[in-house]
Amino acid sequence: MIELDGCLSPHVAMPQRNRVPVDWRLPCAGLERVRTLLWTCACRATVYELCTGGGQAFIRRTIQLEGKFDVHETSPMSISEARALWADLLCGVAR
């Protein structure tokens, strides 16, 4: 995880050689109420959010380019699985 002066949220580390690909999908309206627990800093073009709802969790990836937003999410999973994937994203071993 990289920390920059003035930023309060974490930054994703550089991708590692042994990184594991993440299956990103278009968002679906499966969960009615979603709460964002953790997020990365918005000073980068790509922002990640760890979201929960209905006893499940997923990670949302938003790519911000020239005023447009490209949003993808993982499939819903257990909260412990999502927290492990979140840690992998921050350390650069998942992309």
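User: Which residue stands opposite H72 in strand 4?

Analyst: In general, strands of a sheet pair through backbone hydrogen bonds, either parallel or antiparallel. In this predicted model, R61 stands opposite H72 of strand 4. Strand 3 (residues 56–65) and strand 4 run antiparallel and are joined by six bridges. Two residues lie between these strands in their hairpin, where E66 adopts a positive phi near 50°.

User: In what order do the strands of the sheet follow one another?

Analyst: The sheet is open, with four strands in the order 1-2-3-4 and antiparallel pairing. Strand 1 (35–39) and strand 4 each have a single partner strand, so one side of each lacks a neighbour in the sheet. From one strand to the next, the twist averages 30°. Strand 1 is joined to strand 2 (residues 46–53) by four bridges, and R35 stands opposite T52 in strand 2.

User: Which strands does helix 1 lie across?

Analyst: Helix 1 (residues 79–91) lies across strand 1, strand 2 and strand 3, and runs at about 35° to strand 3.

User: Is E73 buried or exposed?

Analyst: The relative accessible area decides this, with values under 20% counted as buried. E73 has 9%, and is therefore buried. This residue belongs to strand 4 (residues 68–73).

User: With which side chain does the side chain of E73 make a polar contact?

Analyst: The partner is the side chain of R60, at 3.0 Å. Beyond its neighbours within four places in sequence, E73 is in contact with several residues, including D23, W24, R25 and F58.

Methods:
Residues are numbered from 1 along each chain as its sequence is written. This is a predicted model: local features need pLDDT of at least 70, side-chain atom pairs count only at pLDDT 80 or more; totals for chains, interfaces and linings use all residues. Side-chain values use heavy atoms; hydrogens and water are left out. Buried means under 20% relative accessible area, exposed over 50%, partly exposed in between (1.4 Å probe, protein chains only). A polar contact is a pair of N or O atoms within 3.5 Å; within protein, one must be able to donate a hydrogen and the other to accept it, and residues adjacent in sequence count only if both atoms are side-chain atoms. Contact means heavy atoms within 4.5 Å. Two strands pair if DSSP finds at least two bridges between them. Axes are lines fitted to C-alpha atoms, for helices over the stretch in contact, and angles run from 0 to 180 degrees between N-to-C directions.
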